[in-house]
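Subject: Structure for you, with notes on salt bridges

Hello,

Here is the structure I promised to pass on. Please open it alongside these notes.

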Amino acid sequence: MPAWPANNPGAYRTGFNDRIADTTFRWLDDSVNVNRTKDVKAGFAEILADQYDPQDMIDKMVEIIGADRGKYRNVWPPAVEELVKQVQDAVWTRTVPGT
């Protein structure tokens with residue numbers, strides 16, 4: 001799963017990620033940029049093909065928001081929660097080179 005921008009609602013088929021991809025091609029120019037349009041389009045196609053059904057997130061949000069008690073931090077689905085934990089652990093245990 002790709003790392004999504006912080007203001008992105010996630011890898012869900014809401015149209016948001018598709019608009020981000022579309023916007024890229026307003027400025028991407030093969031005569032100027034190192035990244036080639038065909039390669040970027042292929043990358044976006046792969047990413048956008050793996051988006052989750054938004055209903056799953058909607059159901060989870062309704063469950064969490066309506067609950068009287070719960071976790072301080074909520075990440076859904078479980079595979080993404082595990083990825084977030086791995087990324088955070090890698091940062092917290094990382095050392096400065098040479099130490």
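Does T37 count as buried or exposed? T37 counts as buried, because its relative accessibility is 18% and the cut-off for buried is under 20%. Keep in mind that this is a predicted model. T37 sits in helix α2, which covers residues 37-49. Leaving aside residues up to four places away in sequence, T37 touches F25, L28 and D30.

D30 also takes part in a salt bridge, with R36 as its partner. The closest N and O atoms of that pair are 3.7 Å apart. D30 is partly exposed at 36% relative accessibility. R36 is partly exposed too, at 34%.

Now the wider search. The whole structure holds five salt bridges.

Helix α1 (residues 16-27) contains both R19 and D22. These two form a salt bridge, with 2.8 Å between the closest N and O atoms. They are three residues apart, about one turn of the helix. R19 is partly exposed, at 48% relative accessible area. D22 is partly exposed as well, at 42%.

Helix α3 (residues 54-65) holds E63 and K60, again three residues apart, about one turn of the helix. Their salt bridge has its closest N and O atoms 3.2 Å apart. K60 counts as buried, with 15% relative accessibility.

Finally, a network of salt bridges links K71, E81 and K85.

Best wishes

Note on methods. Residues are numbered from 1 along each chain as its sequence is written. This is a predicted model: local features need pLDDT of at least 70, side-chain atom pairs count only at pLDDT 80 or more; totals for chains, interfaces and linings use all residues. Side-chain values use heavy atoms; hydrogens and water are left out. Helices (H or I, at least four residues) and strands (E, at least two) are DSSP runs, numbered from the N terminus. Buried means under 20% relative accessible area, exposed over 50%, partly exposed in between (1.4 Å probe, protein chains only). Contact means heavy atoms within 4.5 Å. A salt bridge is a side-chain nitrogen of Lys or Arg within 4 Å of a carboxyl oxygen of Asp or Glu.
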